[in-house]
Amino acid sequence: MDAKRVVSAALEKALVAQAPMAKKNVERLRRVHPQASPSALIRKLDTAYLSAVTVSGVAAGAVGIVPGAGVPTAVADVLVFTEATVLYVLSRAEVHGLHPEDVERRKLLAYMVLVGDSANTALGKAIPRTGGYWAKRIVEGIPMSAVNAANKVLGPRFITKYGTKQGVLVLSKQVPLGLGAVLGGGGNHVFGRLSVRAANKVFGPPPEEWPGRTDGTAAMNHQIEGHL
């Protein structure tokens, strides 16, 4: 099995499949938590994401005690991690009011989070920084030619990262007697935390209020103006 090719294909698939899921995910959370601010909703996204990737890692590590079952399961765990991260990234974009319609723009957002700090450095060298955070520029400001060029640079870095660091997790999950479950869950949690930190840098602080939503003062002023 060519794990690098499998992970690359999984990313491409997730970028298409998870876009509508991200929109529904945020809409559902807003229905369930109607008073939650964008910041509060992002905290919920963080918690759900870290829980999902940690549980996946523990499950994959636990299967490592079964002879012959560990490697395919560990690769499947990397795929789950990739899909979960794409859903998380696109959900955060929705909270920020960003809706990347083009797959290549979604891919660049995902690379920025999955690759981490080196992606930020590489993009900064290729595209002049003019202030603001990368997410909004990627979705609304950078020409497609620059997006495509950046993806060509960051694509190999993504594959290298998940063929080395994640490869270590794959090996750790082969440790017998259930120790792999601890290593797998802990390793996925660490990678998840790194992704959350990278997303914070890429997206910046969330809006204080949801688009189109007015606070009580604005509503009261509107009522007063209506009586004048």
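This passage walks through the fold of one protein chain, from overall confidence down to single residues. The model is a predicted one, in which local features need pLDDT of at least 70 and side-chain atom pairs count only at pLDDT 80 or more, while totals for chains, interfaces and linings use all residues. Residues are numbered from 1 along each chain as its sequence is written, and side-chain values use heavy atoms, with hydrogens and water left out.

The average pLDDT (the predictor's confidence in each residue, from 0 to 100) is 77 for the protein chain, and 68% of the residues score at least 70. Confidence is highest in helix H4 (residues 103-115), with a mean of 95, and lowest in helix H9 (residues 216-227), with a mean of 38. The pLDDT is also below 50 over residues 61-72, a stretch with 15 contacts in the model beyond near neighbours in sequence; a contact means heavy atoms within 4.5 Å.

Next comes the overall fold. The chain has nine helices and zero strands; these are DSSP runs, numbered from the N terminus, with helices being H or I of at least four residues and strands E of at least two. Of the 228 residues, 45% are buried, where buried means under 20% relative accessible area, exposed over 50% and partly exposed in between (1.4 Å probe, protein chains only). Among contacts with a separation of 6 or more, 80% join residues 24 or more positions apart.

The axes of H4 and helix H6 (residues 134-141) come within 9 Å and cross at roughly 165°; axes are lines fitted to C-alpha atoms, for helices over the stretch in contact, and angles run from 0 to 180 degrees between N-to-C directions. H4 is therefore roughly antiparallel to H6, a label for angles over 145 degrees, with those under 35 roughly parallel, 65 to 115 roughly perpendicular and the rest oblique. Arg 105, Leu 108, Leu 109 and Met 112 of H4 meet Trp 134, Ala 135, Ile 138 and Val 139 of H6.

Two residues of helix H3 complete the picture. Thr 82 lies in H3 (residues 70-95) and is buried, with a relative accessible area of 0%. Leaving aside neighbours within four places in sequence, Thr 82 contacts Val 7, Leu 11 and Phe 158. Ser 91, also found in H3, is buried with a relative accessible area of 1%. With neighbours within four places in sequence again set aside, Ser 91 touches Ala 22, Asn 25, Val 26 and Leu 45.
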